[in-house]
Amino acid sequence: LYLRKLKASQLDCFFVIFYPVATYYGLLVSTDMLFAFIFSILFFLLSSHERVSLFKIIFIFLFLLIFLGTRPNSIIILPIIGLYFWQIRQRYSFLLNSIFGLILLIFSMISICYYYPYFIKFSEASSGVTYWGIEQSNYLGGIFPNLFKIIDLVFSWIILAVSKVFYLCGFRPSWSGLALELSIIRSLGAIFLVPGLFYILIIGRRFEKIVMCFFLFPLLSGISQERYLLPIYPILIFYGSLFWKKVFRKFKQDSLTTI
């Protein structure tokens, strides 16, 4: 529904439907696709301010409650909903706005207290994860000892950030001895996800940019895996498709000009 609002073509939808990682996790019994499904509902509900009703807000809180019970990174939706309520505050009385804020605060406090131990374990596990065979802790300390320390750190952190983006988009070696051909199939999504991730921050709607920033921050600060992008992969693939269409049109135009 959201991609239709963005006037996505049938080709765009084709790439979204046949994304290999989504197909794979769609066949597994886990919380990944449930998490992605509920997030997509909240994303659609929060993307529009035109039609705001008490019924819609009840639905937002209902799906938020379910969402917060699925995975630890569900907490990222809380500030997004907080911004949504701030933007629609003039449509309701002070009393109703206070009730909305109180409910959101209660949800936030319970979630933070419950998931804090998960965050600690996640942070500890992230420090030992390797990117291209080098541990994250080594990147943070600098991997170019022959350079000046500040230059060493700058280059090391940039390489770590770029590596995390590629790993997050599925372009990475297997950690479990997956066959090479399956690793290549898994990595195909990066053709759209990597440019889509940057292109949405350039031409995307303000709401989309806010969601991307909140969503990606915990993923880039810890372990980066492609399954963590399942909730937002459709919108990233769409913008990745727009990017390649623009490149193709530019290339075609330059070719005709040369001729």
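**Briefing: fold, surface and main pocket**

Of the 259 residues in the chain, 41% are buried (under 20% relative accessible area, with a 1.4 Å probe and protein chains only). This is a predicted model: local features need pLDDT of at least 70, side-chain atom pairs count only at pLDDT 80 or more, and totals for chains, interfaces and linings use all residues. Residues are numbered from 1 along each chain as its sequence is written, and side-chain values use heavy atoms, leaving out hydrogens and water.

**Fold**
- The chain holds 13 helices and two strands (DSSP runs: H or I of at least four residues, E of at least two).
- Its C-alpha trace spans about 60 × 55 × 40 Å along the principal axes.
- Of the contacts (heavy atoms within 4.5 Å) with a separation of 6 or more, 70% join residues 24 or more positions apart.

**Surface and charge**
- The accessible surface is about 15100 Å², and carbon and sulfur atoms own 73% of that area (Shrake-Rupley method, 1.4 Å probe).
- The chain has 22 positive and 10 negative charges, with mean positions 11 Å apart (Lys and Arg against Asp and Glu; His and chain ends not counted).

**Largest pocket**
- The largest pocket has about 710 Å³ of space (an open set of points on a 1 Å grid, with protein on both sides within 12 Å along at least five of seven lines).
- Its lining (residues with an atom within 4 Å of a point) counts 21 residues, and Pro72, Asn73, Phe119, Phe122 and Pro218 lie nearest the centre.
- Helices α7 (94-127) and α12 (206-221) are the elements giving two or more residues to this lining.
- α7 supplies the largest share, eight residues.

Definitions and conventions. Buried < 20%, exposed > 50% of the residue type's maximum accessible area, 1.4 Å probe, protein only. Charge placed at Lys NZ, Arg CZ, Asp CG, Glu CD. 1 Å grid on protein atoms, 1.4 Å probe; cavity = no way out; pocket = protein on both sides within 12 Å on 5 of 7 lines; lining within 4 Å. Points joined across faces, edges and corners; volume = space filled by probe spheres on them.
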